[in-house]
Each structure stands twice: as structure tokens, then as C-alpha cells.
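Take a look at the model below. This report covers its nonpolar cores and then its ligand.

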Amino acid sequence: MPPAAVPAEEPAAAAAEEEQQTKGLPALEGLVVGSYCHDVLLRGGRVVGETLGGAAAFVSNVLDAASPPEASFSVVSKVGPDFAYASAPAPARHPPLLCPAPTTSFHARFSDAAASAHAPDRQLRRVNACDPIYPDDLPDSRFAYGLAVGVAGEVLPETLERMIRLCRAVLVDAQALIRVFDAEGGGSGAAVRHIALEGTPYAPLLQRVAFLKASSEEAPYIGVETARRCCCVIVTEGRDGCRLYWDDGEARVAPFTAVQVDPTGAGDSYLAGFAAGLLWGLSATDAALIGNFFGAAAVSQIGVPTYHPKMLQAVKQILEEKAIQRSSPCISGNMFTFQRSNMHDELHAALQEAARLMCEQRQNDTTTDSCD
Ligand SMILES: Nc1ncnc2c1ncn2[C@@H]1O[C@H](COP(=O)(O)OP(=O)(O)O)[C@@H](O)[C@H]1O
Ligand SMILES: O=P([O-])([O-])O[C@@H]1[C@@H](O)[C@H](O)[C@@H](O)[C@H](O)[C@@H]1O
């Protein structure tokens, strides 16, 4: 596999220039690109939740909670004048860019049928779409890592291309690349479908991406066997955890127990937890445990979760202890380590204890409504 963010066939001079530009970077600064949205959760035709959504909201929540102290990040997100989460009581913590178009909005319909771990758990309709994020909307700075996390096609191919130029390593959520939106149906919004990644303008960029994450529902559209030759592919499998595929290896990573009340944001929180794990210096397979942990935390609450301070303290302590064993954060190095380390099982067991705190918090919670 080539070094994470350097394209295999890019001219040496351009690669050298890019390397030069990324020297002197603020150690672990990140760039999150994707818009916030309004989520309306429906069950049996009844609204059971209205929340802040968009991968950027879930991702920034996890990065704020779990990144190492020296790591900071910027969010590039667009919303309209109707954005409902600009101020208290629960504002989006990283301010978005304001556009004349309305805020992107999704209706998520949950079915009553018991879902298997791999069945689609919701039908999504996009009701409003804000403006795309253009390359010029990105800051003129260099970043250690970037997360491309669009939900409504807002991360344009040229925007992803610029992210790849600005960031040493880019992690991409497949939902930013393969979603298409059918024609609006009588005010009820556009149905969300997937198309094959191959043949889209994003496909040639894959070899310059470090990690591509897809849910098991999205995985058939990205073509895991082809994609793993370009970058490390992560397939999340709901309550079964996840699998990683790189060019010459693969790994299954065990999940954490959770009481699922709302699956929204699990994939987003997973990706941010995974990135945080890399920032702490873990190998990809070990970092996937942090992804699984925050995925489980996301399904335990409706909307963007709040983390119990005791639980967060426990997770940070675990990561600090494990970080003592790291040589340098993988994300700021040239190469990633993929294999599980010999502390993988120990890390899982320690996080399982923190997950237990999360379940206790949930049991003490008086909320009775659930989307699941
Ligand atoms: N019911 C669950 N119990 C425990 N962990 C879960 C559950 N659902 C999701 N997760 C965690 O969140 C990750 C992402 O969830 P998944 O449903 O696969 O993604 P998406 O939200 O994109 O459909 C999973 O890999 C797993 O680690
Ligand atoms: O649940 P998940 O796949 O991680 O991500 C979700 C998106 O698929 C959805 O479009 C958006 O409205 C949610 O807020 C959330 O970002």
C-alpha cells in the first residue's frame, strides 16, 4: 500500500511539494467537511424526535470528547437561515457557514419490523438540501487529517480533491459519495438511493484516500475487493461491530453491548471514534475498537449523544495509558499500522467496563420514547 495520503502515480515533484507543505503542520489539526442538518424521526407516522443531525454534528461531538488534548479541528458545514441549532440549549458547537438556501433536512422512517443487524433500519427522505460545500469554502491551511462526511451530496468531487491536497490523511464516509436523491415526491422529500462508486467522479480519488468507511448496506456499492487495493476499507456491521480490509489483510473487530434506542449517527460516531483512536497512536484495528465504542454510545441515545463524565474520564484514562505505548500518532506519520496489537483484547476489556457505565447511565435515564 502506498503512503496514506500520497497518490501512487502523482508526479514526484507535486508529491514532494505536498510533503514540504505539510511539514511544520500544527501537530494534529483536523478538518471536518460536511453539513449539519435537521433530522425528523418518525415511527408509525408519528414524530418521535426532532434533532440536530448531519455527520458533522456527530463527528465533532466525538472528536471534542475523545481526541488527545493536543488535537484540534475545524468544521466546514453549511446551513440556512432556518437552522434550529445555532443557539442554546443545544447548539452546534462548531459554527457553520450561513447560506440563503434552507438547512438540509431528512425524515427518517423507522419500521416496526424487527431488523437484523444488516437490514436497513430506516427509510430516509431528504426534504431540503442546502448549498454544496465548494473547494473555496475550505480554509487555506494544511491539516494533519481530514474527514469527508457529507450526507446530502454536499461534498463535491472537487471539494474532496482539495481536501486530499490540504490534508495528510483523508478518511471518507461512503455515504458522502454514493447517495443520490430521487425526484421530490409531493412535498414528502426525495428518496435516498445508492449508486455504485465506480463510474462516479469520486472513484479516481480513492487511491489518494487513507480510509473509506461504509455500512454493510453501502458496502456492495463501493466494491470492497476493488477499493481495498486503493485504501483501507472499513465495513460497519451494526451490533456485530466492524471489519477492516486492507490490501493484504483483514480483521474483524468486536462490538460493545448497547441498548439501542436510535441508530442515527452510529456510523458517523464510529468514524470519528476511529479517527480519534488513530490520533492517540493506535493501529487501525485497535482504533476500530474506539469506533465501535462510540458507535454503541450513539445508538444508546436519541440525536447527538451527551456522554456521562465518568464514562468519558474512563475512556480517556484508558487511551492515555495505551498512548504511553505508542511511538507517535499514526495519523501524522507516513504509514498506518493495520494489524491488531498485542494489547487489543486488553483494550476491548477496558472499554467494555466504560461501556457498562454507559448502560448504567441509560438505565438511570427516565426517557421512555425510542425510535428503535
Ligand atoms: N445495536 C448496536 N449495538 C452496539 N453497537 C452498535 C449498534 N449499532 C451500531 N453499533 C456500532 O456503530 C457502528 C456503526 O453502526 P452501523 O449501523 O453499522 O452504521 P450506520 O449508522 O452507518 O448504518 C457499528 O460498527 C457498531 O460498532
Ligand atoms: O446514522 P448515520 O448513517 O451515521 O448518519 C446519519 C445520516 O445517514 C443521515 O442522513 C443524517 O440525517 C443523520 O443525522 C446522520 O448523519
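Contact here means heavy atoms within 4.5 Å. Keep in mind that this is a predicted model.

**The cores**

By that definition, Phe-274 touches Leu-171, Phe-211, Ile-234, Leu-244, Ala-284, Ala-287, Ala-288, Ile-290 and Gly-291, leaving aside residues up to four places away in sequence. Phe-274 is also one of the residues with the most contacts inside the largest nonpolar core.

**The ligand**

Which residues come nearest to ligand 1? They are Thr-236, Gly-238, Gly-241, Gln-260 and Asn-292, out of 17 residues around the ligand.

| Residue | Atom of the residue | Atom of ligand 1 | Distance |
|---|---|---|---|
| Thr-236 | polar side-chain atom | oxygen | 2.8 Å |
| Gly-238 | polar backbone atom | oxygen | 2.8 Å |
| Gln-260 | polar side-chain atom | nitrogen | 2.7 Å |

Taken alone, ligand 1 exposes 550 Å², and the protein buries 90% of that. Strand 13 (211-215), helix 7 (266-279) and helix 8 each give two or more residues to the shell around ligand 1. Helix 8 supplies the largest share, 4 residues. By type, the shell holds 6 nonpolar, 8 polar and 3 charged residues.

Terms used
Residues numbered from 1 in each chain as written. Chains lettered and ligands numbered in written order. Predicted model: local features only at pLDDT ≥ 70, side-chain atom pairs only at ≥ 80, totals over all residues. Heavy atoms only, no water. Core = buried A, V, L, I, M, F, W, Y, C linked by side-chain atoms within 4.5 Å. Buried < 20%, exposed > 50% of the residue type's maximum accessible area, 1.4 Å probe, protein only. Near = heavy atom within 4 Å. Polar contact = N/O pair within 3.5 Å; in protein donor to acceptor, adjacent residues only side chain to side chain. Areas by Shrake-Rupley, 256 points an atom, 1.4 Å probe, with all protein chains shown as cover. Nonpolar A, V, L, I, M, F, W, Y, C, P; charged D, E, K, R; others polar.
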